[in-house]
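Subject: Structure for you to look at

Hello,

Here is the structure I said I would pass on. My notes on the core and the aromatic rings follow it.

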Amino acid sequence: MLIAVAALGLVTAGCGGGKQVSTAATPTPGSTWQLLVTGSAVPTPTPSPFGSRPRMGVATLSGSPDPSCSKTFTRTEDVLIPVEVTPISGGFKVEWPRQYDSNYRVTAVSQKLVSGPQPEPTWTNVPAGTGCTVSATITGLTSGAAYIVWLDAPNTGYEADGTRHLYSGRSGVVYPK
């Protein structure tokens with residue numbers, strides 16, 4: 001009963017018993033206004049003491065650290081080794097620019113939705129190549145199914161400034177014949 005009386009008092013107090021509030025067409029500054037000063041959120045970056053690294057944009061380029069390579073690959077992302085995937089019956093022929101003297105491993109990951117734990121990919125180990133490009137063949141796949149090919153190059157090394165060389169790559173969605 002006490003709660004009902006308190007609630008009734010709150011409801012009736014809100015109906016016309018308070019002071020009138022009016023609004024103005026043009027607001028005027030008051031004690032609630034704040035003055036904001038524009039400025040720089042972060043300092044201007046300074047050049048690296050090691051010099052600048054050339055950036056490779058989205059373009060067609062060799063993608064290989066060996067300047068004598070004439071084979072070109074279309075790089076889709078600065079941070080990935082470009083991968084060229086050719087569908088074959090039940091698999092793919094995969095080719096990429098050699099990255100220093102690294103060994104490689106390559107796999108095709110099915111894009112079929114699987115609930116629960118995902119199946120472990122089956123990697124194919126590929127030794128370091130001697131030419132401008134390295135290639136591998138992945139077989140045993142379902143023809144017409146969607147896959148993404150992943151490349152891992154774990155031993156590509158580092159730049160003089162400590163930045164890691166490119167060490168992975170991936171394709172878009174591809175379908176074996």
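A contact here means heavy atoms within 4.5 Å. The model is predicted.

Valine 149, not counting residues up to four places away in sequence, touches Val85, Phe92, Val94, Val106, Thr107, Ala108, Ile138, Gly169, Arg170, Ser171 and Val174. Val149 also belongs to the largest nonpolar core, a set of 20 residues. Along with Phe92, Val94 and Trp96, Val149 is among the residues with the most contacts inside that core. Four strands each supply at least two of the core residues: S4 (91-97), S5 (104-110), S7 (133-138) and S8 (147-152).

Next, the rings. There are two aromatic pairs in the structure. One joins phenylalanine 92 to tyrosine 147 in an edge-to-face arrangement, with the centres 6.0 Å apart and 75 degrees between the planes. Phenylalanine 92 is in strand S4 and tyrosine 147 is in strand S8, so this pair ties together parts that are 55 residues apart in sequence. Both phenylalanine 92 and tyrosine 147 are buried.

Tryptophan 96 and tyrosine 104 make up another pair, also edge-to-face, at 5.2 Å centre to centre and 65 degrees between the planes. Tryptophan 96 is buried, as is tyrosine 104.

Arginine 105 has its charged end over the ring of tryptophan 123, 3.9 Å from the ring's centre. Lysine 71 lies over the face of phenylalanine 73, and the distance to the ring centre is 5.1 Å.

Regards

Definitions and conventions. Residues numbered from 1 in each chain as written. Predicted model: local features only at pLDDT ≥ 70, side-chain atom pairs only at ≥ 80, totals over all residues. Heavy atoms only, no water. Core = buried A, V, L, I, M, F, W, Y, C linked by side-chain atoms within 4.5 Å. Buried < 20%, exposed > 50% of the residue type's maximum accessible area, 1.4 Å probe, protein only. Phe/Tyr/Trp six-rings, centres within 6.5 Å; stacked < 30°, edge-to-face > 60°. Lys NZ or Arg CZ within 6 Å of the ring centre and 35° of its normal.
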